[in-house]
Amino acid sequence: MRFILRRLGFYLIAFWVSITLNFLLPRFMPGDPVSRMFARSAGQMQPEQIEALRKLLGVDSRPIWEQYADYLHNIVTGNMGVSITRFPTPVTEVIASQIGWTLLLGGTALVIAAVVGNLLGILAAWRRGGAIDSALPPLLVFVGSFPYFWLAMGALYLFGVILGWSPLRHAFSDGLEPAFTWEFISDAGAHLVLPALTIVLVSIGGWMLGMRNTMIATNAEDYITMAEAKGLKPGRIMFRYAARNAMLPSVTSFGMSLGFVVGGALLTEVVFAYPGVGYQLLNAVQGLDYPLMQGLFLTITAAVLLANFLVDIFYVRLDPRVRAS
Amino acid sequence: MTTYIHPSPSAADAAVERPTAAPATGAPAPGAASAPAPRRPRQGLIHGLLTNPKAMVGAAILLVFIALALLAPVLFPGDPSRITDMASLEPSAEHWLGTTAKGQDVMALTIHGARSSLLVGLTVGFASTLVGILVGLASAYFGKFIDEALSLVTNVFLLLPGLPLLVILAAFLPPGLGTVILVLIVTGWAGSARVLRSQALSIRSKDFVAAAVVSGERAGRIMFREILPNMASIVMGTLLACVIYGIGAQAGLEFLGLGDVSTVSWGNNLFWAGNEGALLTGSWWVFVPSGLCIALVAFALALINYAVDEVTNPRLRKIKAAKPAAVVGTTARRSTASEGNTAK
């Protein structure tokens, strides 16, 4: 319990840091983002909305601590202002309409990469020096050396433009309305395959090598020798004895990746014009939509922290040593 | 040698303390890399690298790129981004790699691009390793309150999502090469600080450091003359990982159009390729070379990194290891440093 509380405290501090960063950036950066933004949206906004935005971004004559208290209050109550590029939709609504696509894309890719990568790692370590162990790691390191977005561009060019197997952009075809019909789901699935595959391709190496290395260490433990001496079946030793004990670091990185799903798919979403939060973040930057930018950053951070906290709780369940301390 | 009394802590042990650690962060096992150092000083590392085929291949690729970058103004005099009327030509004898939609020679753009990309990559790599060394050593040496505070800051920075933070910072700061470098250092130092701290911590507990403290040496001298030389191989590995991160993250940032779009670099070449629709018009020669160059440089650095691991950790060299308890190595460490930032 003390462990959980300590972690909770840490995540609260981390979240506070990111809120404060968000608060300070527009106020202490050279240049004047606010006036640039107003120039762009001139004539669209009501005076009271302009006033609210000025306060949000710090064009404000009040003392700084008072602005800060106000800002914190707004964040806590979920008031993040109004989006400029999608005027007059509130920022929270824009984010809510997009986060689902990101979770779908990132979640699918993460689960596939983690499961396949860990299995490959287990097999590679079990047959050290075998075919999987000697061929895959160098290959995956080489693939991992390519800039991710470049691989995605290549895949889009090859499978989308030349072969025409895959749709070129967006998460579903134009003219379709999101609904739980077979037509829509299969269409969304077809749009999902290529982006998800490219993420799996570059991230699977990390999972495999991490698992392989821990597994090699575990394989040298005495209880594995003991299990072999008892004459247990190799498959049982591999999964129930070795892999089970080598899982913990993988669970930890799964937690980290779970959080990064929300922000990490940014480049994928940009290349494939996939309508998730990452793509929206770039659009917000290009459209000088500072309230949306800040809202997205806070949402992404909150998701990362929350995912890590959930993994911590899971960890207590998984590892008795944490409970004992 | 306190490290040898308890068997090398497995990654799981370390993860108990800090569950947010990615697989390897806990694992640069104390003793694994530092053990050979006292017996065979740095000479051994350099000699080992010179006879290691992986290191030599990596170094050769890297040297070719550095030479090309330095010779760029001689090989392709004039401004590579000058717009001409020879638009979108396929590779030919005159233009080895064809031309872009604006009539720029792709070969010239690629070779000139090496200058900015290598410069930024190396600067970011050295600077973030330096910050990591300072933070890690201070944490490990002073301990107590300073360690708590510095570790907290490090962990917060590790946890903040790197790429979105990168985008936000680049959006608010005025565009330019300086901004790119600064932003990359801010988001990149935490990974190396964490790795270096855990290594410094294990050296801090050894007898010769205690002896130095008792004999009244100053803190700075103990940190930089006693502890630092004994973790040379980890510092080297961290540096290489940071350079890889720097080159990759710069390319990503520029590809999003958040760098200084007027400079010629590999990331900007790809940004313009995307912007001019090279993909949709089928001009593959415009976006292939720059991406390949980034990959080759990153691959070369990764090869050297592996070689450093092999030279300093004999257990990785042989297939049949007697007790390979501390094998988790550079690759995983690298992924910690870059995970959040390169959208993997």
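Tutor: Happy to! B:K144 counts as exposed because it has 7 C-beta neighbours inside 10 Å; a residue is exposed if 12 or fewer other C-beta atoms lie within 10 Å of its own, buried if 20 or more do, and partly exposed in between, with C-beta atoms placed from the backbone. This is a predicted model, in which local features need pLDDT of at least 70 and side-chain atom pairs count only at pLDDT 80 or more, while totals for chains, interfaces and linings use all residues. Residues are numbered from 1 along each chain as its sequence is written, and chains are lettered from A and ligands numbered from 1 in the order in which they are written.

B:K144 belongs to helix α6 (residues 144-159) of chain B. Helices here are DSSP runs (H or I, at least four residues), strands are runs of E of at least two, and both are numbered from the N terminus. The phi of B:K144 is near 45 degrees, a positive value in a residue other than glycine.

What does α6(B) pack against? Helix α5 (residues 106-142) of chain B lies alongside, with the two axes 7 Å apart at an angle of about 145 degrees. Axes are lines fitted to C-alpha atoms, for helices over the stretch in contact, and angles run from 0 to 180 degrees between N-to-C directions. The α5(B) and α6(B) crossing is left-handed, meaning that the near helix is turned anticlockwise from the far one by less than a right angle; clockwise would be right-handed. On the α5(B) side, B:V135, B:A138, B:S139 and B:F142 take part, and on the α6(B) side they meet B:K144, B:I146, B:D147, B:L150, B:S151 and B:T154. Contact means C-beta atoms, placed from the backbone, within 7 Å. By class, this contact holds five nonpolar, three polar and two charged residues, where Ala, Val, Leu, Ile, Met, Phe, Trp, Tyr, Cys and Pro count as nonpolar, Asp, Glu, Lys and Arg as charged, and the others, Gly among them, as polar.

Now for chain B as a whole. It has 15 helices and zero strands, and 55% of its 344 residues are buried. Among its contacts with a separation of 6 or more, 73% join residues 24 or more positions apart.

Chain A has 14 helices and zero strands. Of its 325 residues, 45% are buried, and residues 24 or more positions apart make up 74% of its contacts with a separation of 6 or more. For a helix pair in this chain, take α5 (residues 91-126) and α8 (residues 182-219): their axes come within 6 Å and cross at roughly 35 degrees. That crossing is right-handed, and the contact has 23 nonpolar, seven polar and one charged residues.

Helix α7 (residues 148-162) of chain A takes us to where the chains meet. Its 15 residues should span 21 Å at 1.5 Å a residue, and its end C-alpha atoms are 20 Å apart, which agrees; the expected span is 1.5 Å times one less than the number of residues. Buried residues in α7(A) are A:Y148, A:F149, A:W150, A:L151, A:A152, A:M153, A:L156 and A:Y157. Their cover includes α8 and α11 (266-271) of chain A, and from chain B α11 (232-255), α12 (266-275), α13 (278-281) and α14 (284-312). A:W150 counts as buried because it has 25 C-beta neighbours inside 10 Å. Leaving aside neighbours within four places in sequence, A:W150 is in contact with B:L270 and B:G291. Its C-alpha atom is 9.6 Å from that of A:L267, 117 residues apart along the chain. Just after α7(A), A:G164 takes a positive phi of about 70 degrees.

Finally, the largest nonpolar core has 175 residues, and A:M293 and B:V167 touch the most other members. Such a core is a set of buried Ala, Val, Leu, Ile, Met, Phe, Trp, Tyr and Cys residues joined through C-beta atoms within 7 Å. Helix α14(B) gives the most to this core, with 20 residues. Not counting residues up to four places away in sequence, A:M293 touches A:L281, A:A284, A:V285, B:I168 and B:A171.

Key:
Two residues are in contact if their C-beta atoms, placed from the backbone, lie within 7 Å.
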